[in-house]
Amino acid sequence: MPITLDEEEIGAVWLERPGPPGPPGPPGPFDDLLLDRLAIAVAAVVERHGPAFTTMADPALVELVISPGSDEAARARALRLMGFSAGLPVRVAAVRSEIPLDHVGGSICATRPVKAAKSPE
């Protein structure tokens, strides 16, 4: 069963049962319900904890988040890819500094997650 998040397929869940090699046996009476609930749970975990564990972000993702022309699905996907929740406020600061950008961001916002993105030169 596909896992969907922000109208995008991000993976799949399935059931495997021990048994002899060959074609699988008939599905159980609750297999579809179990797979549906598992897909929902996985999507919720991915949305909350996101795949981004780095302090760097893609400048294009930042642009998608702050652009007034972005639709909500694109904005939510960009936030998720950077490791942020779509429901929380986001602050963006543009700076020029010799100090590493993640340190600058950490000093501006010490209690929340920070991502830094270098603009393309």
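This is a predicted model: local features need pLDDT of at least 70, side-chain atom pairs count only at pLDDT 80 or more; totals for chains, interfaces and linings use all residues.

Q: How many of the residues count as buried?
A: Of the 121 residues, 19% do. To get that label, a residue needs a relative accessible area under 20%.

Q: What is the secondary structure made of, and in what order do the elements run?
A: There are four helices and two strands. Starting at the N terminus, the order is β-β-α-α-α-α.

Q: What makes Asp31 and Arg17 a salt bridge?
A: Look at the distance: their side chains meet at 2.7 Å, N to O. The cut-off is 4 Å between a side-chain nitrogen of Lys or Arg and a carboxyl oxygen of Asp or Glu, so a pair like this passes. The bridge links distant parts of the chain, with Asp31 in helix α1 (residues 31–49) and Arg17 in the loop between β2 (8–12) and α1, 14 residues apart.

Q: Why can side chains like these pair up at all?
A: Because side chains of opposite charge can pair when their charged atoms come close.

Q: Is Asp31 buried or exposed, and what about Arg17?
A: Asp31 has a relative accessible area of 10%, so Asp31 is buried. Arg17 comes in at 55%, and exposed means over 50%, so Arg17 counts as exposed.

Q: How many salt bridges does a search of the whole structure find, and which residue does Asp36 pair with?
A: The search finds three. One of them joins Asp36 to Arg37, with the closest N and O atoms 2.9 Å apart.

Q: Why is Asp36 called partly exposed?
A: Asp36 has a relative accessible area of 30%. Buried needs under 20% and exposed needs over 50%, so Asp36 gets the in-between label, partly exposed.

Q: Which residue does Glu72 form a salt bridge with, and how are the two placed in their helix?
A: Glu72 pairs with Arg75, and their closest N and O atoms are 2.9 Å apart. The two are three residues apart in helix α3 (residues 72–82), so about one helical turn separates them.

Q: Why does a spacing of three or four places matter in an α-helix?
A: An α-helix has 3.6 residues a turn, so residues three or four places apart point the same way.

Q: Are Glu72 and Arg75 buried or exposed?
A: Glu72 is at 57% relative accessibility, so Glu72 counts as exposed. Arg75 has 18%, so Arg75 is buried. The buried residues of α3 are Arg75, Ala76, Ala78, Leu79, Arg80 and Met82. Just after α3, Gly83 takes a positive phi of about 95 degrees.

Q: How do you know that Ser70 is buried, and what is Ser70 in contact with?
A: Its relative accessible area is 13%, so Ser70 is buried. Ser70 lies in the loop between α2 and α3. Leaving aside neighbours within four places in sequence, Ser70 is in contact with Glu63, Leu64 and Arg75.

Q: What makes Arg48 exposed?
A: Arg48 has a relative accessible area of 67%, and the label needs over 50%, so Arg48 is exposed. Arg48 sits in helix α1. The C-alpha atoms of Arg48 and Ser85 are separated by 6.2 Å, although the two are 37 residues apart along the chain.

Q: Which residues make the nonpolar surface patch?
A: Ile66, Val90 and Val92 make a patch of about 250 Å². Ile66 lies in helix α2 (residues 59–66).

Q: What is the volume of the largest pocket, and which residues are the closest to its centre?
A: The volume is about 1,300 Å³. Of the 41 lining residues, Arg91, Val92, Ala93, Lys115 and Ala116 are the closest to the centre. Helix α2 gives the most to the lining, with six residues.

Q: Why is Val114 called partly exposed?
A: Val114 has a relative accessible area of 22%. Val114 is found in the segment after α4 (101–108). Val114 and Val92 are 22 residues apart in sequence and 9.7 Å apart in space, C-alpha to C-alpha.

Methods
Residues are numbered from 1 along each chain as its sequence is written. Side-chain values use heavy atoms; hydrogens and water are left out. Patches are made of residues with over 30% relative accessible area and no salt bridge: like charges are joined within 9 Å, nonpolar side chains (Val, Leu, Ile, Met, Phe, Trp, Tyr) within 5 Å. Accessible areas come from the Shrake-Rupley method with a 1.4 Å probe; for residues, only the protein chains shown count as cover. Buried means under 20% relative accessible area, exposed over 50%, partly exposed in between (1.4 Å probe, protein chains only). On a 1 Å grid over the protein atoms alone, a cavity is a set of points where a 1.4 Å probe fits but cannot get out, and a pocket is an open set with protein on both sides within 12 Å along at least five of seven lines; lining residues have an atom within 4 Å of a point. Grid points are joined across faces, edges and corners, and a volume is the space filled by probe spheres set on the points. Contact means heavy atoms within 4.5 Å.
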